[in-house]
Amino acid sequence: MSIKPLEIIILAAGKGSRMKSSVPKVLHKIAGTSLLGHVLNAANQLSPQKIHVVVGHGKELVINEFGDIPINWVEQNEQLGTGHAVLQVLPLVSEDSNVLMLTADVPLIRSDTLNLLNDAMSAFPLALLTAQIADPSGLGRIIRDASDGVCGIIEHKDASASQRNINEINSGIMCARGNDLKRWLDKVGNDNTQKEYYLTDIVEIAYAEGNPITACQPTNAGEVDGINTRSQLAIVERHYQYKRAEELMAEGVTLMDPARIDIRGEVEIGPDTTIDINTVIVGPSKIGSNVNIGPNCMISASTIGNGTTIHANSVIESSSIHEQVNIGPFARLRPGTELLHKVKIGNFVETKNARLEAGAKVNHLSYVGDATVGQDTNIGAGVITCNYDGADKHKTDIGRDVFVGSNSQLVAPVVIGDGATIGAGSTITSDVEAQALAISRARQRKIQGWQRPEKGK
Ligand code: UD1
Ligand code: CA
């Protein structure tokens with residue numbers, strides 16, 4: 001049998017009333033990516049001919065979010081049900097296509113599972129994705145005939161008490177040929193508790209025509225968890241995070257507690273890296289092997305080299321950290337930070353747009369912004385690169401083997417030559433030559449036998 005072209009329809013027009021949100025439901029996020037974003041990712045992996053997304057509630061917001069991706073946006077002005085939603089797209093769908101219907105509120109669906117349905121179309125005119133779940137409450141139930149063939153779907157609200165005992169549920173995902181879908185949907189009415197045109201009614205109609213209907217199952221029932229409420233959003237987030245944690249551990253990463261790590265987006269972590277509790281890693285990030293990450297760290301859009309240690313409560317954003325670097329505790333590395341081999345950044349140090357060459361040290365309470373720091377240079381406690389004059393940012397260029405004494409300010413633009421020494425407490429406003437000593441603090445005075453003032457005198 002020839003392989004039919006594949007078109008995908010994603011239903012995303014509903015308001016999501018049960019979320020009680022001003023944001024359309026499909027823009028709520030799992031692991032930092034919107035629900036619709038997750039479904040689009042899975043859909044794209046099937047390389048379909050077209051992706052149609054049905055939008056209604058908050059459509060401008062939804063369309064805006066995905067501006068760059070080639071999507072055929074279809075408006076459903078009134079939300080009269082899932083069947084009505086699919087009908088809005090059908091005039092644009094080729095009769096000959098396999099049409100895979102997804103709902104934007106089932107975000108963990110995997111492309112492998114979707115392929116099962118598309119593949120089943122070579123033998124069946126209608127394929128459903130169903131799952132056996134312990135608590136099917138609220139979901140559509142799969143009705144089977146005497147010989148155990150699928151013959152219908154009954155929505156929870158329309159189901160009898162005995163039908164509600166059925167544990168096989170409709171995931172909301174199904175696949176059918178364009179021409180069949182048109183014929184079946186034309187027959188769907190809205191004579192049900194919700195007065196909606198249910199997509200699910202096509203099953204009974206197809207069965208009545210004598211069509212064999214197949215039901216495929218995902219490897220893991222959690223894949224078809226739908227999101228209607230904030231509580232379900234939280235459950236699916238945990239489910240997703242648990243899965244990511246399992247994957248990381250399978251790749252050789254030690255997690256002190258797999259229930260207390262959050263991974264959002266594309267994140268790669270090398271073997272023998274250890275991550276303590278409550279760390280959040282946001283992609284795209286690449287963390288090497290033998291990295292040690294302490295508790296409560298936040299790492300986003302960064303690369304971390306092999307053997308680096310990040311101590312507790314450090315925040316690293318859009319930075320490039322090389323090998324065997326030592327960071328924190330309580331360090332804040334802002335965008336554009338580049339730390340080369342064996343750099344040391346200590347507690348309460350903030351960096352931004354700064355490149356520190358191998359072996360440089362900034363151990364305590366400093367701000368290094370718009371700066372370069374040469375190899376093996378030591379920046380004392382409380383040093384500030386004064387990069388901002390109130391209007392513009394300027395650069396501080398510090399050479400190699402420089403010693404910057406504690407509590408000094410380097411007023412940019414300024415260049416400190418290799419091997420120079422800055423005396424503690426200096427305010428440096430002009431360039432310092434290589435190997436020179438610069439001190440700008442007032443000389444110490446001594447007054448012998450000084451009487452301290454006494455209270456009340
Ligand atoms: C739907 C299924 C149910 C299934 C469940 C799985 C129907 C009638 N019911 O129920 O059998 O068990 O999903 O999660 O299909 N939407 C539109 N336009 C509309 C109505 C809905 O685009 O007019 C979209 C929604 O935005 C949502 C999806 O369709 O993404 C499903 O709608 P929802 O109201 O959440 O259906 P459920 O009650 O969850
Ligand atoms: Ca739903």
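Start by selecting Lys-395, which sits in the loop between β32 and β33 (396–398); helices here are DSSP runs of H or I with at least four residues, strands are runs of E with at least two, and both are numbered from the N terminus. Lys-395 is partly exposed, with a relative accessible area of 45% (under 20% counts as buried, over 50% as exposed, and partly exposed is in between, using a 1.4 Å probe and protein chains only).

Before going on, a word on the model: it is predicted, local features need pLDDT of at least 70, side-chain atom pairs count only at pLDDT 80 or more, and totals for chains, interfaces and linings use all residues. Residues are numbered from 1 along each chain as its sequence is written, chains are lettered from A and ligands numbered from 1 in the order in which they are written, and side-chain values use heavy atoms, with hydrogens and water left out.

Next, pick Gly-382, in the loop between β31 (378–379) and β32 (384–386). Gly-382 is buried, at 18% relative accessible area. Show Asn-407 as well: its C-alpha atom is 4.5 Å from that of Gly-382, although 25 residues separate the two along the chain.

Now for the backbone angles. Most residues other than glycine have a negative phi, and most peptide bonds are trans. Select Asp-370 in strand β30 (residues 367–373); this residue is not a glycine, yet its phi is positive, about 50°. Asp-370 is buried, with a relative accessible area of 8%. Then try Ser-318, in the loop between β22 (315–317) and β23 (320–321), where phi is near 40°, again positive in a residue other than glycine. Ser-318 is partly exposed, at 35%.

Two prolines come next. Gly-328 and Pro-329 are joined by a cis peptide bond with omega near 0°, and Pro-329 is in the loop between β24 (326–327) and β25 (332–333). Gly-283 and Pro-284 are also linked by a cis bond, with omega about 0°; look for Pro-284 in the loop between β16 (279–282) and β17 (285–287).

Move on to ligand 2, the calcium ion. Which residues are its protein donors? They are Asp-105 (OD) and Asn-228 (OD1), at 2.2 to 2.5 Å from the ion (donors are N, O and S atoms within 2.8 Å of the metal, or 3.2 Å for Na, K and Ca; water is not among the atoms, so sites may look incomplete). Asp-105 is in the loop between β6 (98–103) and α4 (111–120) and Asn-228 in the loop between β11 (213–216) and α7 (230–250), so the pair ties together parts 123 residues apart in sequence. Both Asp-105 and Asn-228 are buried.

Finish at ligand 1. Of the 23 residues around it, Gly-14, Gln-76, Thr-82, Glu-155 and Asn-170 come nearest (a residue is near if one of its heavy atoms lies within 4 Å). At least two residues of this shell come from each of β1 (6–12), α3 (82–89) and β10 (168–177). Oxygen atoms of ligand 1 lie 2.6 Å from a polar backbone atom of Asn-170, 2.8 Å from one of Gly-14 and 2.9 Å from a backbone N or O atom of Leu-11. Taken alone, ligand 1 exposes 750 Å², of which the protein buries 91% (Shrake-Rupley method, 1.4 Å probe).

Conventions: A polar contact is a pair of N or O atoms within 3.5 Å; within protein, one must be able to donate a hydrogen and the other to accept it, and residues adjacent in sequence count only if both atoms are side-chain atoms.
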